[in-house]
Amino acid sequence: MMENGQRIRILDGSEANLRLLAEALASGNLVAIPTETVYGLAANALDEAACRRIFSVKGRPLIDPLIVHVTGPAHAEKLAFLNDMAVLLMEKFWPGPLTIVLKKRPHVPDLLSAGLPTVALRCPRHPLTRRLLQISGLALAAPSANRFGYVSPTRVEHVVAGLGERIDYVLNGGPCDIGLESTILGLADPEKPVLFRPGAISREVLSVALGRPVALPMPRETDAAPADAPGMLKRHYSPNTRVTLFDHGANLAFPASVGKKAAIVYFTRPSYETDVAGPAVFWLSESGRGEEAARNVFDLLRRLDGMGYEGIFIEKAPEGGIGDAINDRLTRAAAR
Ligand code: TXA
Ligand code: MG
């Protein structure tokens, strides 16, 4: 255990610690958990009071439903009505970064689904959280372990920085492998799969697996989220410093006024040294690999946010695959 002067205790994944955390969850406490995507703030999904605490600790509005983490398809079936398409995807992509939205069973608290007739289910791949799910025997509701609207946590220190005074435990699973939240696919109607949130498992890959096109949610005329995906707000994942995006590969000429007060983030490490008088230069990946950029993006946003820049200019990812998920998060971070 590490001491850090805050209420939170950082626990490593020993069997004794996992048992302690399983008991904490069973008695209604919250525990921050590592997953391959981002850290989650977990509670027993069937304990309504514990789930209510998630919303208050995060400062999250009750209209934004939670994802429930399970050990696999058999566990999922206790909470939702599965269909053939869902089972096919669970077999192919679980454990992994795919959340599937299905019709919920009546005993699943309405609080979890924000009153929708559906529930979002995911089977995470991180070995410590898989073990915790197994030991506790619980389904775990877990949104990302950050204050609502801020950048999602991909390292244990991000959880401590955001929630250290508000929760008792975080399970240290190291930095997250993927670094962006799971893909969310609506499959309540298996004839009409809908991509609610892009992630590491792309829309193209899901369409091929299902043998049918995957639709995007209805375009929005307002800043509000669509009714069937109430958490998908235009502004989200946002640092306090203003973020401005520019197109992939575009050469930006910075006005003199930007100068040293701004940070510029390229998608790939530039091969030349830039003008020392210009903005501070950063990059999302060494070699231009989308997976590497995804892993770094939230950590870099958090670090730059603490460095006092007047603005952060970020180059978008190339379109397609995980680039679409990166651009989705960057666009929300830049929204005003
Ligand atoms: O990778 C992830 O999915 C992470 C880790 C911790 O598993 N979790 C995560 O949770 O990103 P969160 O709360 O930050 O995002 C959950 C989003 C909600 O904002 C909402 O848009 C969508 O999932 N969601 C949850 N239940 C839903 C439902 N029944 N129908 C449609 N969308 C739903
Ligand atoms: Mg979140």
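Predicted model: local features only at pLDDT ≥ 70, side-chain atom pairs only at ≥ 80, totals over all residues.
Modeller: Residues are numbered from 1 along each chain as its sequence is written, chains are lettered from A and ligands numbered from 1 in the order in which they are written, and side-chain values use heavy atoms, with hydrogens and water left out.

Biologist: Which residues are joined by a cis peptide bond?

Modeller: Most peptide bonds are trans. Proline 95 lies in the loop between α4 (84–93) and β5 (98–103), where helices (H or I, at least four residues) and strands (E, at least two) are DSSP runs numbered from the N terminus. With omega at about -10°, the cis bond joins tryptophan 94 and proline 95.

Biologist: Is tryptophan 94 buried or exposed?

Modeller: Tryptophan 94 is found in the loop between α4 and β5. Buried means under 20% relative accessible area, exposed over 50%, and partly exposed in between (1.4 Å probe, protein chains only). Because its relative accessible area is 9%, tryptophan 94 is buried.

Biologist: How far apart in space are tryptophan 94 and glycine 72?

Modeller: Along the sequence, tryptophan 94 and glycine 72 are 22 residues apart. From C-alpha to C-alpha, their separation in space is 7.1 Å.

Biologist: What is the phi of alanine 114?

Modeller: Most residues other than glycine have a negative phi. Alanine 114 is found in the loop between β5 and β6 (118–122), and its relative accessible area of 26% makes this residue partly exposed. Although alanine 114 is not a glycine, its phi is positive, at about 55°.

Biologist: What is the relative accessibility of tyrosine 237, and does the residue count as buried or exposed?

Modeller: Tyrosine 237 lies in the loop between α7 (203–210) and β11 (243–246). Its phi is positive, about 50°, although the residue is not a glycine. Tyrosine 237 counts as buried because its relative accessibility is 4%.

Biologist: How many salt bridges are there?

Modeller: A salt bridge is a side-chain nitrogen of Lys or Arg within 4 Å of a carboxyl oxygen of Asp or Glu. By this rule, the count of salt bridges is 16.

Biologist: Why does the salt bridge of glutamate 36 with arginine 122 tie together parts of the chain that are apart in sequence, and how many residues separate them?

Modeller: The closest N and O atoms of glutamate 36 and arginine 122 are 3.0 Å apart. Glutamate 36 lies in the loop between β2 (31–33) and β3 (40–44) and arginine 122 in strand β6, so the pair connects parts whose separation in sequence is 86 residues.

Biologist: Are glutamate 36 and arginine 122 buried or exposed?

Modeller: The two side chains form a salt bridge. Both glutamate 36 and arginine 122 are buried.

Biologist: Which helix holds arginine 52 and glutamate 48?

Modeller: The side chains of arginine 52 and glutamate 48 meet in a salt bridge, at 3.8 Å from N to O. Arginine 52 counts as partly exposed at 42% relative accessibility, and glutamate 48 counts as partly exposed at 39%. The two residues are 4 residues apart, about one turn of the helix, and both lie in helix α2 (residues 48–58).

Biologist: How many residues apart are arginine 212 and glutamate 191?

Modeller: Arginine 212 forms a salt bridge with glutamate 191, with the closest N and O atoms 3.2 Å apart. This pair links distant parts of the chain: arginine 212 is in the loop between α7 and β11, glutamate 191 is in the loop between β9 (183–186) and β10 (194–197), and they are 21 residues apart.

Biologist: Which backbone oxygen does the side chain of serine 136 reach?

Modeller: Serine 136 lies in helix α5 (residues 127–136) and counts as buried at 17% relative accessibility. At 3.3 Å, its side chain reaches the backbone oxygen of leucine 133.

Key:
Polar contact = N/O pair within 3.5 Å; in protein donor to acceptor, adjacent residues only side chain to side chain.
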